Structure formats: C-alpha cells, structure tokens
Amino acid sequence: MKADDNDVRNRIITAATECFAENGFKATSVRKICERAGANLAMVNYYFGSKDGLYLAIIDREGGSAEMDELTVPARDASVPATLRLAHLIERLLVDMMTSGPHSLISRLISWELVEPTAALRHIVDTLIQPLQEVMQELVRDIAPPGTSEVEIRNNLFSILGQMLYYSHSKPVNEMMAPDIVYDEAGIREIARHVTAFSLRALGVADGDQGTR
C-alpha cells in the first residue's frame with residue numbers, strides 16, 4: 001500500500017472510531033466520517049467494502065491495542081487486593097465511558113453495542129466484551145464469599161455492569177431528576193466510588209471496604 005493510501009485509510013479509521021464512539025454505529029453516517037477524515041466518500045468502500053467492514057476493522061484494531069492491555073493487565077495483578085483492582089477497573093471504565101478522548105474508545109464502543117447491538121455483535125463480544133468480562137468475573141469470584149455459585153458470581157457481575165451502564169446513558173434524565181450529580185471527571189470518579197462500594201457490600205465486604213480482599 002502506498003504511503004498516501006495508508007494515510008487516507010488511517011484518517012478514515014481514526015475519524016470513524018471517534019464518530020462511532022460519540023454517536024454509536026447506527027447514528028453515524030459514512031458522509032460524516034469522510035467529512036471528519038477529509039476523505040472522498042468512495043474511499044470507505046474502496047478500503048473497507050462498506051460501513052460494516054470499516055466498523056469491523058476498528059474492532060479488530062482496538063481489540064489488539066495497548067489500551068486493552070491497560071485495562072486487563074493491572075486487573076490481573078495478584079499483588080494488589082482484588083477489591084482495589086475491581087475499584088480501579090470500574091473507575092477506569094466509567095471515566096472512559098462518560099468522557100471523550102483517545103483512551104476511551106474501547107469502553108464507549110462497548111457501551112454503545114450493549115444498548116444498540118449491531119450485526120457485528122458476535123465479533124465484538126469475542127474481541128472486546130468477553131476479555132473484559134472474564135477479567136471482571138475473576139475479580140468478583142475472588143471477592144465473593146467461599147461457596148458462591150458461578151450463577152451468583154455472574155449475576156453479581158451483571159449487576160455491576162448494569163449500574164455502570166445506567167450512569168453512562170442516563171445523563172439527560174439525571175440532569176433533570178438529580179441535578180446534584182456532576183458529570184465532570186471528579187463527579188464521575190465519585191459515581192465510580194459509589195458503584196464500587198455498593199457492589200462490594202453486595203459481595204459481603206464490610207462497609208464496601210476496598211482494601212480487604
């Protein structure tokens with residue numbers, strides 16, 4: 001591939017990733033992507049075959065990225081209590097899901113896929129969602145009392161994820177019904193602390209203490 005071709009292709013991928021993370025797959029048009037990339041509309045079909053092909057290329061790139069390692073490697077560091085690792089992961093994911101920036105792409109793509117599934121869902125589950133869910137499920141298993149069934153562990157994990165999704169997608173409602181909730185980075189970190197403490201208490205950790213298990 002020529003250098004110019006590679007530059008155009010990369011610009012399209014970067015622009016599309018930002019658009020999909022901001023608005024979801026369904027609300028993002030190829031025209032909007034190309035406007036942001038400064039590329040001809042026909043280039044999406046030329047390089048990726050379709051909007052769907054472009055989306056899959058992004059998922060493959062993000063699934064193998066250093067960002068995924070940033071999310072999963074610290075969560076498996078057994079020298080740190082599992083409660084602290086879970087707290088860190090919840091905070092990182094919530095900040096990523098609710099703010100914009102180069103380090104939030106995986107979380108926001110997953111967040112959109114959970115509420116507006118696309119035809120690429122199976123691939124996204126295998127590439128992005130399952131690796132993260134496995135890490136979180138390991139943490140919940142480590143924290144839960146001995147004898148907790150795998151079904152309970154899974155359901156506890158889903159409850160944690162449900163809280164995170166509610167806060168990340170309910171901002172317009174909360175601004176009307178709970179205007180004291182602040183959605184700047186400090187406010188999001190406070191939400192993360194609440195989600196963590198609530199979840200740890202449900203797992204039997206006294207007072208939601210993050211440093212005991």
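Let's start with helix α6, residues 82-98, and helix α11, residues 185-202: their axes come within 9 Å and cross at roughly 140°. That angle makes α6 oblique to α11. Before I go on, please keep in mind that this is a predicted model.

The crossing of these two helices, α6 over α11, is right-handed. If you'd like to find the contact on your screen, look on the α6 side for Thr83, Leu86, Ala87, Ile90, Glu91, Leu94, Val95 and Met98. Their partners on α11 are Glu185, Ile188, Arg189, Ile191, Ala192, Val195, Thr196 and Leu200. Sorted by class, the contact between α6 and α11 has eleven nonpolar, two polar and three charged residues.

Now stay with α6, please, and bring in another partner, helix α9, which covers residues 150-169. What is the angle between α6 and α9? It is about 30°, and the axes are 10 Å apart. The two helices, α6 and α9, are therefore roughly parallel to each other. This crossing of α6 and α9 is right-handed.

From α6, the contact with α9 uses Leu86, Ile90, Leu93, Leu94, Met97 and Met98. From α9 come Ile160, Met164, Leu165, Tyr167 and Ser168. And the classes? Between α6 and α9 we have ten nonpolar residues, one polar and no charged ones.

On the α8 side you'll find Gln133, Met136, Gln137, Val140 and Arg141. On the α9 side there are several residues, including Glu150, Arg154, Phe158 and Met164. By class, the contact of α8 with α9 divides into eight nonpolar, three polar and three charged residues.

Time to zoom out to the whole chain. How is the protein chain divided into domains? The assignment gives domain 1, residues 1-61, and domain 2, residues 64-203. Their centres, taken over C-alpha atoms, are separated by 27 Å. The contact between them takes 14 residues from domain 1 and 15 residues from domain 2.

One last stop, and this one comes from a record. UniProt, in an unreviewed entry, lists residues 29-48 as "DNA-binding region". In the model, what does the chain look like over residues 29-48? The answer is 75% helix and 0% strand, with the end C-alpha atoms 15 Å apart.

Notes. Residues are numbered from 1 along each chain as its sequence is written. This is a predicted model: local features need pLDDT of at least 70, side-chain atom pairs count only at pLDDT 80 or more; totals for chains, interfaces and linings use all residues. Side-chain values use heavy atoms; hydrogens and water are left out. Axes are lines fitted to C-alpha atoms, for helices over the stretch in contact, and angles run from 0 to 180 degrees between N-to-C directions. Helices (H or I, at least four residues) and strands (E, at least two) are DSSP runs, numbered from the N terminus. Angles under 35 degrees count as roughly parallel, over 145 as roughly antiparallel, 65 to 115 as roughly perpendicular and the rest as oblique. A crossing is left-handed if the near helix is turned anticlockwise from the far one by less than a right angle, and right-handed if clockwise. Contact means heavy atoms within 4.5 Å. Ala, Val, Leu, Ile, Met, Phe, Trp, Tyr, Cys and Pro count as nonpolar, Asp, Glu, Lys and Arg as charged, and the others, Gly among them, as polar. UniProt positions are given in the numbering used here, feature names are shortened, and annotations may be inferred rather than shown by experiment. Domain bounds come from an automatic or database domain assignment.
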